[in-house]
Amino acid sequence: MAATSTGTTPLLRIRAVQKSFGSTHVLRGIDLDVARGEVVSIIGPSGGGKTTLLRCVNFLEPYEQGSIAIDGVEVGYRDGETRKRRSERDLARMRAETGMVFQLFNLFPHLTAAQNITLGLTKVRGLGHAEAKDKAMHWLRRVGLADKAERLPSELSGGQQQRVGIARAVAMEPKILLLDEITSALDPELIGEVLDVVLALAADGMTMLTVTHEIGFARDASQRIVFMADGTISAEGPPAEIFSSNQSNERLRSFLGRFSAAHRL
Amino acid sequence: MLDQIAYAIPFLLPGLLVTIEVSLITVAVSSVIGVVLGVGLVYGPAWLRWPIRGFSDIIRGIPILVLLFFVYYGLPLTGLNLQSFAAAVLGLTIFKVAQVIEYVRGAIESVPRGQMDAAKAIGLPFHERLAYVIAPQAVRRFLPPWLNGVTDAVKGSALISLLGVGDLLFGIQKVVGRTYDPLALYCFGALLYFVMNYALSIASRALERRFSYIRE
């Protein structure tokens, strides 16, 4: 079981979560805790359920069994027993507590970089326009894009778009940030600028749950690595342990072996 | 020829106004209802989706003239007796609603799925996701077929003269019956229809340009 560093209630608490797409059992009983301020990275082969798990945390995917709670509040259901789904307004409020950054950025193409950030601030957080703009500019500066505030996403490079995506998520001041393979769609030379932003956020104490294929990043940024395969957590521990050469988990060793062969780590 | 047209104009004017009136009512009402049902078709629960799906498929599979005759001659048998004008507007509107539903569905489905995910992720509730994220992107896919549909409505409205509604075509036929010069009158009538529709297509191109800045 996941050890929480503080000993208090974990910020994110996932228990026995199961999910199927039709006859495919994608999540087969997941238990995972993320403590406040902790960075946890999920690695593993494609189709292992990593992204699905992440999408369950903000209920982009409903889960059929088990419980996911943020700060002790069940995410998708009004109460875990009867599994009565939250109302639309309730769900929206819950989702505002989590920030998500997507593999394909998913910026709103009809809005400028600044407007992408202010939309949630004004409509969800209820900030005035001037205040929201200030906050958007603050975060655009943080990701190094203050000069691109009035640009449309189509006028930005992939790396710049993803940095706007991160700014959009963190500007909402979520309790936890979910990063879904955020560098997978980027050209190799653009990956660094995005990961630097994430590392800076981690240094600020932002709680993060990431799915990543950047093994080096996972090792450097995370306190804990979770190895998922076939819908279960097959290994879990601090990076030094997970990436150690005398790793006893056969699946993990072969996954990392294939990985380092491909990436010459 | 010109003096024949000059003679006909006072007789055609009321018909032209009826054609414009019927087209406007049909387009306005069907757009509102079609957008609501189209959103229901895409996002609604199954009990809402299926009837909408069925309605749209059935109506689009019926020739518009058959639909008009059904409303005018068929509905009175059920006790619903409509004046020719009301029957014409109702028939055209039902037909148009089915089309608008499909334009809306196509337009919404053209927006990448990730847009809905991103809008959910920042905590927008459904109606705000629709209003601020989906609709602004869907509208540029919706406008071209919809504006085509508006010109179709103007042209299709000529069929209502068959129900005895005094529209433009009806007026032309009346004058032809008096002057026995169909060529000049039908040419002139065609020109009137063309002018209306050409004005619409100019407006449509301007609107499309207005939304062309949005790119994925």
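A nonpolar core here is a set of buried Ala, Val, Leu, Ile, Met, Phe, Trp, Tyr and Cys residues joined through C-beta atoms within 7 Å, and buried means that 20 or more other C-beta atoms, placed from the backbone, lie within 10 Å of a residue's own. Keep in mind that this is a predicted model: local features need pLDDT of at least 70, side-chain atom pairs count only at pLDDT 80 or more, and totals for chains, interfaces and linings use all residues. Residues are numbered from 1 along each chain as its sequence is written, with chains lettered from A and ligands numbered from 1 in the order in which they are written.

Let's start with that core. The largest one has 131 residues, and A:A167, A:V170, A:I176, A:L209 and B:A88 have the most contacts inside it. Its top contributor is helix 4 (residues 84-109) of chain B, with 14 residues. Helices (H or I, at least four residues) and strands (E, at least two) are DSSP runs, numbered from the N terminus. Leaving out residues up to four places away in sequence, B:A88 touches B:V22, B:L68, B:I160, B:L163 and B:V165; contact means C-beta atoms, placed from the backbone, within 7 Å. In soluble globular proteins, nonpolar side chains tend to be buried together.

Now for chain A as a whole. Its secondary structure comes to 9 helices and 10 strands. The radius of gyration, taken over C-alpha atoms, is 18 Å, close to the 18 Å from the globule rule (2.2 Å times the number of residues to the power 0.38) for 265 residues, so chain A is as compact as a globular protein of that length. Buried residues make up 48% of those 265.

Next, the sheet. Six strands of chain A form an open sheet in the order 6-7-8-3-9-10, with mixed pairing; strands pair if DSSP finds at least two bridges between them. Strand 6 (98-101) and strand 10 (232-237) of chain A stand at the edges with a single partner strand each, so one side of each has no neighbour in the sheet. Further in, strand 3 (residues 39-43) and strand 8 (residues 208-211) of chain A run parallel, joined by 4 bridges, and A:I42 has A:V211 as its bridge partner in strand 8.

Finally, where the chains meet, 22 residues from chain A and 19 residues from chain B take part in the contact. On chain A's side, helix 2 gives the most, with 5 residues.

Key
Two residues are in contact if their C-beta atoms, placed from the backbone, lie within 7 Å. A residue is buried if 20 or more other C-beta atoms lie within 10 Å of its own, exposed if 12 or fewer, and partly exposed in between; C-beta atoms are placed from the backbone.
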